[in-house]
Amino acid sequence: REEEEENSSRRREDGSWKKIEEGEEKDLLYVERCRQHRWRCAEVTFTCSDGALCQHWISSIREQLATITSRPKHLLVYINPYGGKRQGKRIYEQKVAPLFAQAGVSTHVIVTEYANHARDHLKMEAELKKFDGVVCVGGDGMFSEIIHGLIWRTQIDNGVDPNCPDETLSGCSLRIGIIPAGSTDCICFATVGTNDPVTSALHIIVGDSQPMDVCSVHHSNTFLRYSVSLLGYGFYGDVLTDSERKRWMGPARYDLSGLKMFLTHHYYEGTVSFLPARGIIGTPRDAARCRSGRSSLSLCGVFVPESDGEWRTIRGKFLAINAASMSCACPRSPKGLSPAAHLADGTTDLILVRKCSRFDFLRHLLRHTSKDDQFDLTFVEVHRVRRFRFMPRHCQSDSELELDLQENSKHQIFSQICRDHPACGCAPAYSSWNCDGEILTHTAIDVRVHCQLINLFARGIEEAPVFEDLTNPCAI
């Protein structure tokens, strides 16, 4: 204050400052909120005529920063150079690496050379004790590699059998950072609010921490995959299966496959059994968005133990069976598949879309981009669950399912012709599960939600008022 009073006498009448002949100037970098949930690195210059006082300021700031234990100092970074538009390496080197260097964060960078390179390295080779976190530069597929390697490694180190669906998994100690550089960055968008690499890098530097649920998917006591966003059978499974044959088209393949699957309008028979969530405030239709600040309707960050309850069973013909562990929001669908789904409450929202007309199904799909209640339709029901199982075509046992699959294999050639030319009107007996953008090898699955199994370098989507008044942006 004394320095400010002294300098106030030096201000010119036009409001500018006179040049201080002797003294020091120091630049301080800080985080500033911008519009649309973006952060940027801003700079302020401190000028002081007393060099000793200036050094005292610098020492005090550094001491304060040193007391913040949540900020990472050593990071293991994986870069996918092939994802999205093949810009991952450039994005990291030009936008992210300079920020890490300015913040004094050391990194060990690995550019992946093949599919599942990062997963295999984390499983077997990575010396995790040397790092404070793991960062992936890529899309949702790259993030999936990271969590599969990290979760599997954690279970093995703690003597937990990942193949047992009833095991309680051990939480991962290392936080995970996402630098978006893929064709789809759904997870980053749902946990930060934007797909901006600079914003994600600053969340990592500040040391944010956002817990996240993870679903384990098993078939007949055999582990299949982990899921953090969407498990989809029927429509979304068919879209992914068809789009895999069109990878040469790039991201446009999803639009074409989506249109094709909408026109074919396949439905599938099956049995869904689920364990409803108990003691959770809020429902999938309460319109309570999962944001930072922990409102009373959002139990993210509060662990609620799994309770014994009665299983419910639903049989029928379904166009889609979806399980959303987060909102699954993206730029095309700002509200997501389940707008009220929470990141860390130990539940997933199970959405059942029964057989209906194409027009009604289109109404359901269009509500993903509107403000209407997308579940307020007679053929759609949604349940907040801790665990669920699915058996296709009312099969009561795995042996019956295997027999059914053998019968269908006799007509494999004709089934493929029917899939490629759906005008014949032959409906396929089975769909595929879309697990975070990967096709599962089995249709009969057992899914369990593990509460807050991992932590991200994120804070959830910040409340809108934080960004509305930008006349005096908040520094962090």
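Is S220 buried, exposed or partly exposed? At 46% relative accessibility, S220 counts as partly exposed, because the partly exposed class falls between buried (under 20% relative accessible area) and exposed (over 50%), with a 1.4 Å probe and protein chains only.

## About the model

This is a predicted model, in which local features need pLDDT of at least 70 and side-chain atom pairs count only at pLDDT 80 or more, while totals for chains, interfaces and linings use all residues. Residues are numbered from 1 along each chain as its sequence is written, and side-chain values use heavy atoms, leaving out hydrogens and water.

## Two loops with positive phi

Let us stay with S220 for a moment. Its place is in the loop between β7 (210–219) and β8 (222–227), and its phi is near 50°, a positive value in a residue other than glycine. Helices (H or I, at least four residues) and strands (E, at least two) are DSSP runs, numbered from the N terminus.

H37 also has a positive phi without being glycine, near 65°. You will find H37 in the loop between β1 (24–33) and β2 (39–48).

## A buried threonine

T191 sits in helix α6 (residues 186–192) and, at 2% relative accessibility, counts as buried. Leaving aside neighbours within four places in sequence, T191 is in contact (heavy atoms within 4.5 Å) with M212, L343, L456, A458, R459, G460 and I461.

## Helices α3 and α7

Helix α3 (residues 88–102) packs with helix α7 (residues 197–206) at an angle of about 30°, their axes being 10 Å apart. Axes are lines fitted to C-alpha atoms, for helices over the stretch in contact, and angles run from 0 to 180 degrees between N-to-C directions. The two helices, α3 and α7, are therefore roughly parallel to each other, a term for angles under 35 degrees.

On the α3 side, I91, K95, V96, L99 and F100 meet P197, V198, A201, L202, I204 and I205 of α7.

## Salt bridges

The structure holds 20 salt bridges, each a side-chain nitrogen of Lys or Arg within 4 Å of a carboxyl oxygen of Asp or Glu. One of them joins D157 and R153 (3.4 Å, N to O). Both residues lie in helix α5 (residues 140–157), four residues apart, about one turn of the helix. D157 is exposed at 54% relative accessibility, whereas R153 is buried at 16%.

D242 and K246 form another salt bridge (2.6 Å, N to O), and both residues are buried. In helix α10 (residues 358–366), D360 and R363 lie three residues apart, and their closest N and O atoms are 2.9 Å apart in a salt bridge.

Key. Angles under 35 degrees count as roughly parallel, over 145 as roughly antiparallel, 65 to 115 as roughly perpendicular and the rest as oblique.
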